[in-house]
Amino acid sequence: MQIVIIGSGNVAYHLAKAFVLKNIPLAQIFGRNTENLKKISEELHVPYSTEHLEDADLYIICVSDQSVESVSQMITKKNCLVAHTSGSLSKEILIGGYRKASFYPLQTFSKSKNLEYEKIPFFIETETEEDKKLLFDIASQVSKNVMESSHEKRKYIHLTAVFACNFVNHLFSKAKEISDSQEIPFDYFLPLIDETVQKIHEIDPKSAQTGPAVRNDVRVLEMHEQLLKDESLAIYKTMNHSIKKMYEL
């Protein structure tokens, strides 16, 4: 089977790396960023191109959601399978006479961060049972967690991921702004962050909640509000309101 990965960003890099580590052959990595593609090619020893798209049985599109539709139209081969890696788009966003699918890895990807690929969940959606088996077989070589998912369910998976990852990371950034403003090394907070994350491996997040809002400690909440202003104050009030509402305080 000839497989081509389209893209030169974080998802394309990690998916290509995962395939190479599991001896899943790649015919090509195709994209428009020559510098990124060259680095990926040199590290993984996979051919790349910014001009000629190789003939393949399976194309996996790893580009931004805004680009998936236009990139999909570059694939003119009829008898092939094309899958995108988006968590929010339907497989019908793909424009072409080929078979369509979704191949969604649930993870946050950064090129500088090594990942344990076998722990990454993959969510598969296809048009046929044959294609489902094909993508399950490929994903199962990479990961121990592979399941079928409709577009409707995948939208909620992606939404959950935004709350659990993107929003949380933004709060880390806001926390670092506060610690930086007081010249407190942010590294001092890493054990707290690590314990918070590790705890929900063993305890339901709702049961693990601590802090002044769940205690309804009005004195501390008011003191904190006096230290904040503008956007940070609005975030603080919104989060505490949500916590109080969840615990009916």
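This is a predicted model: local features need pLDDT of at least 70, side-chain atom pairs count only at pLDDT 80 or more; totals for chains, interfaces and linings use all residues.
Let me begin at Ala208, which touches Lys199 and Ile203 when residues up to four places away in sequence are not counted, a contact being heavy atoms within 4.5 Å. Residues are numbered from 1 along each chain as its sequence is written, and side-chain values use heavy atoms, with hydrogens and water left out.

Ala208 lies in helix α7, residues 205-208, where helices (H or I, at least four residues) and strands (E, at least two) are DSSP runs numbered from the N terminus. With a relative accessible area of 11%, Ala208 is buried; the word buried stands for under 20% relative accessible area, exposed for over 50%, and partly exposed for what is in between, using a 1.4 Å probe and protein chains only. Between the C-alpha atoms of Ala208 and Ile3, which are 205 residues apart along the chain, the separation is 44 Å.

Now to the sheet. In what order do the eight strands of the open sheet stand? The order is β3-β2-β1-β4-β5-β6-β7-β8, with mixed pairing, and two strands pair if DSSP finds at least two bridges between them. At the edges stand β3 (48-49) and β8 (146-148), each with a single partner strand, so one side of each is left without a neighbour in the sheet. Strand β1, residues 3-6, pairs with strand β2, residues 28-30, in the parallel sense over three bridges, and within this pair Val4 stands opposite Gln28 in β2.

Helix α4, residues 129-142, packs on the sheet and touches β1, β4 (58-61), β5 (81-84), β6 (99-105), β7 (122-126) and β8, with its direction at about 165° to that of β7. Helix α5, residues 151-181, also packs on the sheet, touching β5, β6 and β7, and its direction makes about 25° with that of β6. For these angles, axes are lines fitted to C-alpha atoms, for helices over the stretch in contact, and the angles run from 0 to 180 degrees between N-to-C directions.

Next come the aromatic rings. Rings of Phe, Tyr and Trp (its six-membered ring) pair if their centres lie within 6.5 Å, and planes under 30 degrees apart count as stacked, over 60 as edge-to-face and the rest as tilted. By this rule there are four aromatic pairs, and one of them is the tilted pair of Phe103 and Phe122, at 5.1 Å centre to centre and 50° between the planes. Phe103 lies in strand β6 and Phe122 in strand β7, so this pair ties together parts that are 19 residues apart in sequence; both residues are buried. Why is the pair of Phe163 and Phe167 edge-to-face? Their ring centres are 5.0 Å apart and their planes are at 65°, so the pair has that name. Both lie in helix α5, four residues apart, about one turn of the helix. Phe163 counts as exposed at 52% relative accessibility, and Phe167 as partly exposed at 42%.

I will finish with Glu125, which lies in strand β7 and counts as buried at 12% relative accessibility. Its side chain makes a polar contact of 2.8 Å with the side chain of Arg154, meaning a pair of N or O atoms within 3.5 Å, where within protein one must be able to donate a hydrogen and the other to accept it, and residues adjacent in sequence count only if both atoms are side-chain atoms.
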